[in-house]
Amino acid sequence: MTTTFPKAVLFDLLTALLDSWTLWNDVAGSAERGRAWRAEYLRLTYGCGSYVPYEQLVREAAMATGLAEGAADALEARWLELPPWSGAQAALDALAGRTKLGVVTNCSIRLGRQAAERLRTQWDCVVTAEEAGCYKPDPRPYRQALAALGVTPGEAAFVAGSGYDLFGTSAVGLRTYWHNRVGLARPDGAPPAALERPTLDDLLPWLEGRLS
């Protein structure tokens, strides 16, 4: 796999670039309830096989974890409040013009596009689970983004926000920087990232081959 500067860098959106945790927790009423809601949503996502509407899974997860009726609607109503993590826009600005930039996100087309626009970046591609017909870590969303950008896995890199991405990027052959902002445990059986950090500060040095 190449260690030269990549021709394309792909990003997870809702955890690697945007702080979706805070919004989910706020809508749920507490960090504990927000984490439980998010965990149930992830369980449904990774077990559904072919694409099931994102909004439906969010609603089912809210009901399963005992949240008030209307929690999923409240989350969607506040979707445009999703804040970028500190350092996210600066990292993207540093890459703009040097490489192609893309998003691979577990989301519907509508909400995925809206979330991508929370960043002041000219994306070369935005691939959603709805378009790919399945959710990550199935290899297909990553491969669809690579094909859209006209690059091979060895010519690209991926920035993950969740350890579950490591299953998919490993299967595809994408070297991966895990922006583990909230200190998540690596899922059982997931391969390690090439580099795991709590911020995006080391992303550019890593892409330039100055960190390993």
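Predicted model: local features only at pLDDT ≥ 70, side-chain atom pairs only at ≥ 80, totals over all residues.

Colleague: Which residues of α9 make the contact with α8?

Modeller: The crossing of α8 and α9 is right-handed. On the α8 side, the contact is made by Pro139, Tyr142, Arg143 and Leu146. On the α9 side, the residues are Asp165, Gly168, Thr169, Ala171 and Val172.

Colleague: How many residues apart in sequence are the parts that Asp12 and Lys136 tie together?

Modeller: Asp12 and Lys136 form a salt bridge, with their closest N and O atoms 2.7 Å apart. Asp12 lies in the loop between β1 (8-11) and α1 (20-28), and Lys136 in the loop between α7 (129-132) and α8 (139-149), so the parts tied together are separated in sequence by 124 residues.

Colleague: Are Asp12 and Lys136 buried or exposed?

Modeller: Buried means under 20% relative accessible area, and exposed means over 50%. By that criterion, both Asp12 and Lys136 are buried.

Colleague: Which residues are joined with Asp12 into one network of salt bridges?

Modeller: A search of the whole structure finds 14 salt bridges. Some of them share partners, and in this way Asp12 is joined into one network with Lys136 and Asp165.

Colleague: Which helices hold Arg59 and Asp73?

Modeller: The side chains of Arg59 and Asp73 meet in a salt bridge, at 2.7 Å from N to O. Arg59 is partly exposed at 34% relative accessibility, and Asp73 is partly exposed at 40%. Arg59 lies in residues 54-64 and Asp73 in residues 71-77, which are helices α3 and α4.

Colleague: Which residues touch the most other members of the largest nonpolar core?

Modeller: The largest nonpolar core has 51 residues. Not counting residues up to four places away in sequence, Phe11 touches residues including Leu17, Leu92, Trp123, Phe158 and Leu203. The residues that touch the most other members of this core are Phe11, Trp37, Tyr54, Trp123 and Leu203.

Key: Residues numbered from 1 in each chain as written. Heavy atoms only, no water. Core = buried A, V, L, I, M, F, W, Y, C linked by side-chain atoms within 4.5 Å. Buried < 20%, exposed > 50% of the residue type's maximum accessible area, 1.4 Å probe, protein only. Contact = heavy atoms within 4.5 Å. Salt bridge = Lys/Arg side-chain N within 4 Å of Asp/Glu carboxyl O. Helix = DSSP H or I, 4+ residues; strand = E, 2+ residues; numbered from the N terminus. Left-handed = near helix turned anticlockwise from the far one by under 90°.
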